[in-house]
Amino acid sequence: MESAPSIVQIKGIRDGLLVTFADVPWAEQRAALMQQIEEKSAFFQGARLAMDVGSQPLRVNDLVDLRDWLSERTITLWAVLSDSPTTEQTAQLLGLATRISKPRPEETRHVLDGIPSDQALFIAKTIRSGTRIEYPGTVVVFGDVNPGAEIVAEGNVIVWGRVRGVIHAGAKGNRSAYICALDLSANQLRIADEVSAMLKPQKDPKPEIASINEEGKLQAELWHSGETNIRK
Amino acid sequence: MTAKVITVTSGKGGVGKTTAVANLATALAMDGKRVVCIDGDIGLRNLDVVMGLENRIVYDLVDVIEGRCKLKQAMIRDKHLQDMYLIPAAQTRDKNAVSPSDMIRICNDLRAETDFVIIDSPAGIERGFRNSIAAADQVLIVTNPEVSAVRDADRVVGILEAEEKGNPSLIINRLNPTLVKNNDMLSAEDVLDLLGIRLIGIVPEDENVIIGSNRGTPIAADGKSRAGQAFRNIAKRLQGVDVPFMDLTPQSGLWNAIQRFAGRK
């Protein structure tokens, strides 16, 4: 590390390599890191990199560029540590860890904004406790939503299974969004800013649909085929 | 021999992971298998106590990882069973002394000369848990028939799915058939209904399990105990033998009469 010793420090940690930088502008930090990697490409091959960027505010483009550059060299960037909220947000958006000891972020699905609300995310598995799914459109689950799981969708939520977790449809304020499921025994449902707590678990579950009625209250009712007045 | 590495985990603490590890290892060793148990709970070790080997610890897992001793030196042979060993956890260190790749390396070293490596995972879903599942070929999830334990088990199943650790199997521990019959406890069906994973055994509540743990003699060695029988059945299933599940409906007749006499009914 003779060439740029003052700008980049690299040390081994349990989960791979940790890169720390001296307090210089990002362009210089980036150039110094790239130079280090080019020089010692064999050492870095296949490495898992965590990066501490201090208070440097980084935007999506900065990190995406670096991540792609690294992955071309078989290096995985998995964590970005920073005191800057902008950088933290960017890293989270890209699904990178922001704390080294934190569980890895693959349990949360982050999807970039800008997907129209008629797009749907299809998930063919049971959503288990601790999993949070956020999506800017409609979410369709082919499986159960277990207690402790959360689905936050800007569109509708349709579950071909049993709902016992928390579901929020129309999360950005769409009051015409709805939630339907084969068995709607959720402990809490939300549509836009309406909340309904404690739906009674049913002995003999039937498909139900929850929506906001004319009086502005969130209510769940049995699904009757052919009765599609709410939907269109 | 190529060992199968089995990790026993739960999410919630106090559901019987350590007891399950000690009993499954005992049962497997009684079937003539060569078994090594690893206590993955660095800093809060207790598998050595349950197995009654506390006084024999010289080296531990962290000593092996940091190169202060050979793997063989840290393997403590059981008092009764010839082919059962324990690698204890370090008590004076914490989870950060071990990494997932350390666990994989140690398990790979053990694979050549054992049939089963059983790892006792700490409670929680943090570092220690991730270390413990890193090397696993199969994961056993222990839960009690309680809502909180089942919810934590569900969380663990989700993480295992995300880590692509295959399909875990479920042990329902401390089921009380009488309470289930009276609708005062979740039934095995309720638990399976939520978790949706393969059941590998149901262990009935039995106070002798606690007595055995305190004495350092796992109940699986006791031919008369029903909990011991349940653990022996699970050990058989781990070896690929198809054993029917025990009938756990509350016993009538004499047993009820004794309970009535003891004022429990």
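**Close-up views of a predicted two-chain model**

**View 1. Strand S7 and its partner S9 in chain A.** Strand S7 (residues 138-141) of chain A pairs with S9(A) in the parallel sense, over 3 bridges. The structure shown here and in the following views is a predicted model. Across this pairing, Val141(A) stands opposite Val159(A) in S9(A).

**View 2. Strand S9 of chain A with strand S11.** S9(A) is also joined to strand S11 (residues 179-184) of chain A, by 5 bridges, and these two strands run parallel. Here Arg162(A) stands opposite Asp183(A) in S11(A). Strand S9 spans residues 157-163 of chain A, and 5 of its 7 residues are buried, so the strand is largely enclosed by the rest of the structure.

**View 3. Helices H5 and H6 of chain B.** The axes of helix H5 (residues 100-111) of chain B and helix H6 (residues 127-134) of chain B come within 8 Å of each other and cross at roughly 30 degrees. Angles under 35 degrees count as roughly parallel, and H5(B) and H6(B) are therefore described as roughly parallel to each other. Their crossing is right-handed. On the H5(B) side the contact is made by Pro100(B), Met103(B) and Ile104(B), and on the H6(B) side by Arg130(B), Asn131(B), Ser132(B) and Ala134(B). Sorted by class, the contact of H5(B) with H6(B) has 4 nonpolar, 2 polar and 1 charged residues.

**View 4. Helices H1 and H11 of chain B.** Helix H1 (residues 17-30) of chain B and helix H11 (residues 226-238) of chain B have axes that come within 8 Å and cross at roughly 65 degrees. H1(B) and H11(B) are therefore roughly perpendicular to each other, and H1(B) passes H11(B) in a right-handed crossing. H1(B) contributes Asn23(B), Leu24(B), Ala27(B) and Leu28(B) to the contact, while H11(B) contributes Phe231(B), Arg232(B), Ile234(B), Ala235(B) and Leu238(B). The residues of this contact divide into 7 nonpolar, 1 polar and 1 charged.

**View 5. The contact between chain B and chain A.** In this view 13 residues of chain B are in contact with 13 residues of chain A. Helix H7 (residues 147-162) of chain B provides 7 residues, the largest share of the side of chain B that touches chain A. By class, that side of chain B has 5 nonpolar, 4 polar and 4 charged residues.

Conventions. Residues are numbered from 1 along each chain as its sequence is written. Chains are lettered from A and ligands numbered from 1 in the order in which they are written. This is a predicted model: local features need pLDDT of at least 70, side-chain atom pairs count only at pLDDT 80 or more; totals for chains, interfaces and linings use all residues. Axes are lines fitted to C-alpha atoms, for helices over the stretch in contact, and angles run from 0 to 180 degrees between N-to-C directions. Helices (H or I, at least four residues) and strands (E, at least two) are DSSP runs, numbered from the N terminus. Angles under 35 degrees count as roughly parallel, over 145 as roughly antiparallel, 65 to 115 as roughly perpendicular and the rest as oblique. A crossing is left-handed if the near helix is turned anticlockwise from the far one by less than a right angle, and right-handed if clockwise. Two residues are in contact if their C-beta atoms, placed from the backbone, lie within 7 Å. Ala, Val, Leu, Ile, Met, Phe, Trp, Tyr, Cys and Pro count as nonpolar, Asp, Glu, Lys and Arg as charged, and the others, Gly among them, as polar. A residue is buried if 20 or more other C-beta atoms lie within 10 Å of its own, exposed if 12 or fewer, and partly exposed in between; C-beta atoms are placed from the backbone. Two strands pair if DSSP finds at least two bridges between them.
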